[in-house]
Amino acid sequence: MKRILISALVLVVASFAGPATDALANPEGMPDAFIKRLGGGDHYHGFDKINVTGRNQRARDRISEGGAASFKIKLRNLGKSIDDISVNGCDGTHKFGVRYSEPSGNAVTAAVKNGNYTIQDVPEDMNIDALFVGIVAKSAAGPGDKINCKIRFISDNQPGVSDVVRAFVKVV
């Protein structure tokens, strides 16, 4: 009975390790996004960490009522060819406003929130400035209120492969 269970377990594990592992080992596209809070000497969070939850890829800030926080996101393509990377970012809430802009200062908020924003021709293994994120506490936000804003970067070469970073802001 033990041999049958072990064999079945090995078969199940092997079936899950097939194509997905191959796709990640030799990807056409694999975005790696990393984020930091602007000001205060913060470092980037998420470098070489690729997941769809944003785990260990979160930059945090604490702001006063009516205050604002700013974040910078860098991106690199770990794929084996130039890739266009689509971006889908969180929307604001009735307590927090969220804005997105390109490094040039061009506002791209609506496109990012709708998942219609693309960073074109991201070269392999080169860090580029991707986006700035601004989060402001609206008048309805008070001490203890928070927002956990997830921003997803999706490979156009390999749409099943993405990376998520998070901007976390709390009113104190």
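A nonpolar core is a set of buried Ala, Val, Leu, Ile, Met, Phe, Trp, Tyr and Cys residues joined through side-chain atoms within 4.5 Å. "Buried" here means under 20% relative accessible area, with exposed being over 50% and partly exposed in between (1.4 Å probe, protein chains only). Keep that in mind as we look around this predicted model, where local features need pLDDT of at least 70 and side-chain atom pairs count only at pLDDT 80 or more, while totals for chains, interfaces and linings use all residues. Residues are numbered from 1 along each chain as its sequence is written, and side-chain values use heavy atoms, with hydrogens and water left out.

How far can we trust it? pLDDT is the predictor's confidence in each residue, from 0 to 100. The protein chain averages 86, and 85% of the residues score at least 70. Residues 1-23 stay under 50, and the model gives them one contact (heavy atoms within 4.5 Å) beyond four places in sequence. Where pLDDT is low, the predicted coordinates should not be read in detail.

Of the chain's 172 residues, 40% count as buried. The largest nonpolar core has 34 residues, and Y100, I135 and F153 have the most contacts inside it. Strand 7 (residues 128-137) gives the largest share, six residues. In soluble globular proteins, nonpolar side chains tend to be buried together.

On to the elements: there are three helices and nine strands. Both are DSSP runs numbered from the N terminus (helices are H or I, at least four residues; strands are E, at least two). Five strands form an open sheet in the order 2-9-8-4-6, with mixed pairing; two strands pair if DSSP finds at least two bridges between them. Strand 2 (58-63) and strand 6 (117-122) are at the edges with a single partner strand each, so one side of each has no neighbour in the sheet. Strand 4 (residues 83-89) pairs with strand 6 in the antiparallel sense over four bridges, and D83 sits opposite V122 in strand 6.

Finally, how many disulfides does a search of the whole structure find? It finds one, a disulfide being a pair of cysteine sulfur atoms within 2.5 Å. C90 and C149 form it, with their sulfur atoms 1.9 Å apart. The two cysteines are 59 residues apart, so to speak from distant parts of the chain. The torsion about their S-S bond is about -100°, so the disulfide is left-handed.
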